[in-house]
Amino acid sequence: LRLIKQVRICRIGRFRTEALPGFIQAIVWSLHSGLAKIIMALLRMILFMMWFNHIIACCWFAIADLSRPELTWLDAYEVAEAPLPTQYITAYHWALAT
């Protein structure tokens, strides 16, 4: 019974492309192509890597910021007194490079 409900929901989610104008129909059909799926998978992978690097950069910056009395990479690269965007970009680069 549950499977039948899921199949019905999938049918409701589909829409008819015949009712769309020609250029929109072409876009919808091109999104189902193999190349579009590969591009979307690649884009998803790149965005995930950027997000994961952001998390690492934030952790890297937090570790350096919490160990402030000691000499850290913030002091070594002379960005301890720099604006926050500069510190973030440096941390992001540092996390990406190491």
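Residues are numbered from 1 along each chain as its sequence is written, and side-chain values use heavy atoms, with hydrogens and water left out.

The mean pLDDT of the protein is 78, with 68% of its residues at 70 or more. Confidence is lowest in helix α1 (residues 2-13), where the mean is 56, and highest in helix α5 (residues 84-97), where the mean reaches 90. Where pLDDT is low, the predicted coordinates should not be read in detail.

Secondary structure was taken from DSSP runs numbered from the N terminus, with helices (H or I) of at least four residues and strands (E) of at least two. By this assignment the protein has five helices and zero strands, and the pattern read along the sequence is α-α-α-α-α. With residues classed as buried under 20% relative accessible area, exposed over 50% and partly exposed in between (1.4 Å probe, protein chains only), 15% of the 98 residues count as buried. The accessible surface, computed by the Shrake-Rupley method with a 1.4 Å probe, comes to about 8,400 Å², of which 72% belongs to carbon and sulfur atoms. Contacts were defined as heavy atoms within 4.5 Å; among those between residues at least 6 apart in sequence, 33% join residues at least 24 apart.

Cysteine 58 is in no disulfide, the nearest cysteine sulfur being that of cysteine 59, 7.0 Å away. Seen from cysteine 59, the closest cysteine sulfur is likewise that of cysteine 58, at 7.0 Å, which is too far for a bond. Both side chains belong to the intermediate accessibility class, since cysteine 58 has a relative accessibility of 35% and counts as partly exposed, while cysteine 59, at 44%, also counts as partly exposed.

Helix α5 has 14 residues and reaches 20 Å from its first C-alpha to its last, close to the 20 Å expected at 1.5 Å a residue, where the expected span is 1.5 Å times one less than the number of residues. Its buried residues are Gln87, Ala91 and Ala95; seen down the axis of α5, these fall within an arc of 65°, so they line one face of the helix, the arc being that of the directions from the helix axis to the C-beta atoms. On the other side of α5, Pro85, Ile89, His93, Leu96 and Ala97 are exposed. The cover over the buried residues of α5 includes α3 and α4 (73-76).

Glutamine 87, in helix α5, is buried at 7% relative accessibility and, not counting residues up to four places away in sequence, touches Phe61, Trp73, Val79, Ala80, Glu81 and Ala82. Glutamine 87 lies 30 residues from alanine 57 in sequence, with a C-alpha to C-alpha separation of 9.9 Å in space. Asparagine 53, in helix α3 (residues 34-66), is buried with a relative accessible area of 6%, and under the exclusion of residues up to four places away in sequence it touches Tyr92, Ala95 and Leu96.

Key: This is a predicted model: local features need pLDDT of at least 70, side-chain atom pairs count only at pLDDT 80 or more; totals for chains, interfaces and linings use all residues. pLDDT is the predictor's confidence in each residue, from 0 to 100. A disulfide is a pair of cysteine sulfur atoms within 2.5 Å.
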